[in-house]
Amino acid sequence: MIRLPKWSLRYKFIVPLALFTIVLALAISYISVERFYIELENQLADRGKDLGKQLVDRFWRNVGVLLPPDTKLHYYQVVQEGTQIYSSVVNNAPPWTEETLSPPVDDSRQLVQLNGKPYLELILATDPGLVKDPTTANYVRLYLSMADVYTAVQRAFLTISIFTIIFILAGIGIAIWLYRSILGPIEVLTKSVKRFKIDLKVRAVVKTGDELQTLAEEFNGMANTIQERDERLERINVDLTKANQVKSEFLAVMGHELKTPLHAIRGYSQLMLEGIEGPVTPTQKEDLENIVQSSDHLRSLIDNILQFSKLESGQEMIHPESVEVSKIVEEAMKHVSVLAREKGIAVHASANGIRVYADETKLKQVLINLLSNALKYTKTGEVEVSTKKRRDEVLFAIKDTGIGIPEEMYEKIFEPFTQLDSSNTREWGGIGLGLSIVKKYVEMHGGKIWLESQVGKGTTFYFTIPLEAITNRW
Ligand SMILES: Nc1ncnc2c1ncn2[C@@H]1O[C@H](COP(=O)(O)OP(=O)(O)OP(=O)(O)O)[C@@H](O)[C@H]1O
Ligand SMILES: [Mg+2]
């Protein structure tokens, strides 16, 4: 499953928008209800003050205390010099007791509960500032029912709540719609691009009819091209693998076929050289020696080809055993001694008693190839082989005083059929397989190979072989 980033657009977009809508809707409805309530309470208080004024007026003029009808006024009381001179319960309100009254403080307005019901209590001084001392105060006190106010507020609250919910739902709806039409397709595209890395058949399906659809179509077009190229490359790869196999088989068959007559040529030449087939003149002897030498050279070329084709086809395995390093070095040196003698180059070795777990034949082959190169590419000077135990491996170094290798070729010369200067090929001979075989053999042992060189001064090839046995890698 493709995972979206933790803070994907979905959350960055929908969550703030939804939260904003909810907070806005709640704030608006709270403020509306609050203001509505305050407005109604003020209206009620104004009405009360009006009634209070009329009450005082009528009372002092002694025209009776009959008030204009108002259903909200339930109780009133007229107090003179701190003594109640008149009180009344109107509009069918239940009777009330003195104890329920709070003592007058000043011109005041407050919400109180009388008989378990909410009232707005108004205390109005008949002379301004006289309600300081309850025992001498002149005032009227009115109780106006808040029931209608509360009912109206409740109704308003209900209506506003319905609108708030509609508003919130509309906000969330808009957020989802925006998400579907913009962010949804972007998410589809993102997921498609991610999955495309794993499965080249994946395409983005976006049908928005806008720029996002164009973007998805462009992506799909690119994906088609990549998929076609990938399939073509795969086909080419299969063909190439087949061709490579055929080449390896051909090399193996040809190598074996060449070896048989070569063996005969060398054998008969050797017989003639030894005089077994009859006496040979000094010139004939020289020719026969040349034939034997060329056969040896040809055989080593064929051996290289056979080893290479075996490595290529993956048939090659290593058979490690405990071997004495100095013994292998000595045998390899013996192998190249003829060439060394011919070229007049001394080969030294600093051997010690190190033992290593390795495939004897292959390790010897590595040393022979490196020594042959060292001798081949050195005109004068000497070749030195040294071995050193370090940590859990043995370090081999084959040093020559030859033509050297430029730095940009340090990696490349390990590739098969690669030679420094193809125009030199004829001068030095060889087909450029030696080092590629060496590298593979060293790596099969779990070792590494590298070199240091100075053009015109000489080259040192280093390689390591672990002391412990490793499992087969090829
Ligand atoms: N000691 C060396 N000094 C200078 N150049 C070297 C040395 N060893 C290898 N080379 C360069 O690296 C190239 C590749 O070496 P490699 O052993 O793979 O092939 P080759 O010697 O040319 O042919 P082959 O080993 O197959 O007979 C050589 O052609 C040569 O140019
Ligand atoms: Mg070589």
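## Reading the pocket and the ligand site

In this predicted model, α3 contributes the largest share of the lining of the second largest pocket, 8 residues.

Q: Why is the second largest pocket said to lie between domain 2 and domain 3?
A: Domain 2 (224-316) and domain 3 (318-466) both give residues to its lining, so the pocket lies between them.

Q: Which elements each supply at least two residues of that lining?
A: They are α3 (211-273), α4 (282-312) and α7.

Q: How do the residues of that lining divide into nonpolar, polar and charged?
A: There are 3 nonpolar, 11 polar and 8 charged residues in the lining of the second largest pocket.

Q: What makes the pair formed by Lys376 and ligand 1 a polar contact?
A: The cut-off for a pair of N or O atoms is 3.5 Å. A polar side-chain atom of Lys376 lies 3.1 Å from an oxygen atom of ligand 1, so the pair counts as a polar contact.

Q: How much of ligand 1 does the protein bury?
A: Taken alone, ligand 1 exposes 590 Å², and the protein buries 96% of that.

Q: Which element gives the most to the shell around ligand 1?
A: That is α7, with 3 residues.

Methods:
Residues numbered from 1 in each chain as written. Chains lettered and ligands numbered in written order. Predicted model: local features only at pLDDT ≥ 70, side-chain atom pairs only at ≥ 80, totals over all residues. Heavy atoms only, no water. Polar contact = N/O pair within 3.5 Å; in protein donor to acceptor, adjacent residues only side chain to side chain. Areas by Shrake-Rupley, 256 points an atom, 1.4 Å probe, with all protein chains shown as cover. Helix = DSSP H or I, 4+ residues; strand = E, 2+ residues; numbered from the N terminus. Nonpolar A, V, L, I, M, F, W, Y, C, P; charged D, E, K, R; others polar. Domains from an automatic or database assignment.
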